[in-house]
Amino acid sequence: MLLFESITQSEPTKKMIMDEPVESLFSTTASKLVGKPINRVDGSLKVSGQAPYSAEIYLDNKAYGVLVGATIAKGQVENIDSSSLDCIPDIIKVVTDPKHFLRNSQQGGLKKAPKQGATEIFYHGQPIAVVIAETFEAATEGANALKVTYKDETDQAALNFTKELSNAHEVDEKKGPDKNYVQGDPEQGLIDAEVTLDRFYHTPSQNSSAMEPHATLAHWEGDKLVLYTANQMLASCKQQVMDALDLNKDQVQLIAHYVGGGFGSKLGIAPESIAAAIASKELGRPVLITMTRPQVMEATVRRSNTRQRIAIGCDCDGVIDTLIHDTIASNLPDEAFFEPTALSTHYLYRGKNRRVNYGMVDMNQVLSGSMRAPGEAVGMIAVECAMDELAAQLDIDPIELRRRNEPEKDPSKDIPFSTRQLIACMEQGAEQFGWSQRNAKPASQLEGDWWIGTGMAAAARGNQLQPSEARATLQIDKSKALGIKAVIETDMTDIGTGSYTVFSQVAADLLGLPIDHIEMKLGDSALPPASGSGGSWGAASAGSGVYLACEQLREMLAEKVGLYPDTIQLDNGQIKQVGKHDTTSENALEEKTLSETEKYNFENKESYALTEVVAGYEEQKVSAKGQIKPGKNGKKYRQSSFGANFAEVAVHKVTGEIRVKRMTGAFAAGRILNHKTATSQCYGGMVFGIGSALMEEIIHDKRDGRLCNHDLAEYHVPVNADVPQLDVILVEEDDSYTNPMHIKGIGETAIAGAAAAIANAIYNAVGVSVYDFPITLDKLLYEMPE
């Protein structure tokens with residue numbers, strides 16, 4: 001019998017590649033903690049102010065830095081005159097590095113640094129220097145006083161998206177997030193169709209507006225750089241820092257124990273991180289740079305604005321034959337990312353003639369990149385508004401139109417869906433919302449001074465799995481009631497989504513321990529590398545690493561006591577035999593017996609205390625790792641979460657003011673790890689939809705490239721008064737093709753279609769279709785019914 005005598009040996013690792021469907025241990029655990037709506041395990045730390053964010057870390061002799069941004073949209077820096085700061089007390093120095101400063105943030109997941117250089121200016125607000133002082137106030141005063149002269153070429157800048165459309169060019173599909181695709185003859189199909197709809201939709205740039213601004217505290221321990229920073233994906237961000245500063249992996253450590261929201265804006269490193277590292281090196285002391293809200297909006301990342309053409313051809317019964325989704329987005333010159341608006345268009349509805357095509361306009365505006373639900377969040381506005389307009393044109397209920405266009409397989413790849421619960425989501429959502437009582441005729445329900453309307457839209461968000469690792473350690477701890485605890489380690493971050501909580505549930509369930517016996521260590525690049533928080537893959541990917549590490553521990557413990565892993569139950573600190581070994585299984589273990597020289601006498605026992613077993617290991621602890629990788633399942637099956645959003649709105653008959661009265665969302669995302677945190681994620685997605693539909697819009701001045709609404713006073717996001725009662729239904733689903741936990745991403749799914757449901761409700765209320773978002777009252781007033 002194999003004995004694991006010391007964790008100083010190479011740690012046993014449970015590896016899994018998702019090439020086939022797998023069973024989940026959660027169906028056999030005793031506590032059934034997974035799925036329960038338990039409170040956040042880090043909640044008390046946050047509400048009491050004990051959860052430290054990057055800007056709150058204290059280091060001795062810390063200096064403060066404030067970034068200085070360019071005041072032109074295009075040109076060259078000619079001179080930086082630091083003498084203008086001589087009379088300001090507590091100023092230490094002005095730091096700039098024309099070669100290494102970041103021009104812009106980096107996209108999520110990339111291993112290389114973003115474009116670097118602080119001499120050539122590409123957009124208004126581009127960081128070019130940082131003023132370092134003993135206090136934040138002095139650094140701010142110095143940054144405002146710094147004199148910079150430029151060779152101003154703003155008159156040559158691309159600042160008007162509409163005027164630049166004629167200069168749109170092809171995208172780099174090899175580096176982009178989606179592919180152009182043509183099937184059949186879409187344009188001819190449109191000509192031949194009995195019924196057609198052909199519309200252009202415009203969506204604006206948006207900002208993630210995370211509560212925590214971008215911040216980095218940098219300090220050097222000899223030749224090693226340590227960054228306390230607000231990043232979502234530490235493993236790839238570490239590689240970006242290494243590349244930017246020409247350091248090796250042993251010279252860089254990123255720490256982000258708590259991140260106050262990101263929504264995509266913190267997927268890659270941002271300009272403040274490298275500036276802080278350079279300044280700290282020059283000064284020989286820690287340097288903290290916290291971006292102001294205007295700097296976050298001017299110099300990190302935005303969601304691209306888009307122009308989308310949706311063209312649909314169908315028969316008189318609404319069965320779609322042709323579907324075209326063409327998009328032009330914008331970004332800085334030499335950037336490969338484009339807004340992948342048609343990610344779900346590839347597989348959402350049937351149609352033998354299909355086209356997805358992307359174009360790009362180079363603009364002198366801040367970097368565009370991934371913002372929560374990149375692609376679907378704005379792409380499904382266009383698709384689902386078009387579907388609603390087509391339903392009205394055909395006089396078919398919007399749900400029925402979608403039902404008639406339900407594909408049996410992914411129509412673009414001719415592969416099956418792992419699961420597809422769109423119809424179930426629409427049906428359950430419709431029943432709870434009361435869809436059958438709606439007035440189908442537009443502008444037919446007036447209550448006092450308010451027109452009332454209802455609308456719905458489908459939701460879809462592709463599911464992905466990313467390579468991830470985790471370590472699980474069982475160790476004696478006499479401070480715990482059961483005398484033992486589990487320590488779970490991975491560099492995965494918690495950006496407010498509940499990573500600390502759901503991973504604790506996974507570990508507690510599999511190891512048979514109470515939730516307070518789990519110590520979760522996250523957000524440090526020194527820990528096993530995980531996927532990071534982004535793309536709705538974090539819980540599935542990093543969580544699978546945790547799951548497999550715990551499964552490896554279970555197998556080691558079973559071996560230790562002479563049992564088979566498929567016969568044991570871990571419950572309340574005890575190992576019990578609850579079943580008979582399955583010798584018919586393809587992976588069945590060979591028959592074995594306990595050695596007569598076994599150190600511990602486990603014969604004739606009904607259960608074994610974990611403390612007794614773990615005490616048998618050197619240092620009284622035992623560790624294992626888990627490693628997950630995507631495999632053939634991701635290519636053989638279309639994996640996606642699905643949902644349906646329903647909304648009721650009121651539109652004032654005189655002013656055109658719009659109020660969302662209520663919303664219902666039904667979403668299927670595999671097994672749910674925690675019903676409370678999942679529901680909270682759906683709330684957030686639906687609120688994002690309110691913002692997209694009615695208010696969120698970055699406005700750049702078309703003359704000089706300035707960002708006109710660079711703070712939360714002028715860039716409007718939904719507040720409590722804008723958000724009505726939200727109803728969330730979590731539709732039951734089990735998907736064994738996704739990962740060993742059978743889960744899928746859910747937070748971004750809830751955004752998809754949410755704005756379209758509101759827009760469709762506005763059409764139902766007043767009979768006005770709006771194609772230029774957000775829908776503000778000025779776009780309704782002149783077309784309102786009498």
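Analyst: Phe503, Val506, Ala507, Leu510 and Leu511 of helix 11 are in contact (heavy atoms within 4.5 Å) with Gly538, Ala539, Ala542, Gly543, Val546, Tyr547, Cys550, Leu553 and Arg554 of helix 12. Sorted by class, this contact is made of 11 nonpolar residues, two polar ones and one charged one, where Ala, Val, Leu, Ile, Met, Phe, Trp, Tyr, Cys and Pro count as nonpolar, Asp, Glu, Lys and Arg as charged, and the others, including Gly, as polar. The model is predicted, so local features need pLDDT of at least 70 and side-chain atom pairs count only at pLDDT 80 or more, while totals for chains, interfaces and linings use all residues. Residues are numbered from 1 along each chain as its sequence is written, and side-chain values use heavy atoms, leaving out hydrogens and water.

Turning to the geometry, the axes of helix 11, residues 499-511, and helix 12, residues 538-560, come within 9 Å and cross at roughly 25 degrees. Helix 11 is therefore roughly parallel to helix 12 (an angle under 35 degrees), and the crossing of these two helices is right-handed.

For a second example, the axes of helix 8, residues 376-394, and helix 16, residues 754-766, come within 8 Å and cross at roughly 35 degrees, and helix 8 also passes helix 16 in a right-handed crossing. Here Met380, Ile381, Glu384, Cys385, Asp388 and Ala392 in helix 8 meet Ala755, Ala756, Ala759, Asn760 and Tyr763 in helix 16, a contact with eight nonpolar, one polar and two charged residues.

Definitions and conventions. Axes fitted to C-alpha atoms, helices over the stretch in contact; angles between N-to-C directions. Helix = DSSP H or I, 4+ residues; strand = E, 2+ residues; numbered from the N terminus. Parallel < 35°, antiparallel > 145°, perpendicular 65-115°, else oblique. Left-handed = near helix turned anticlockwise from the far one by under 90°.
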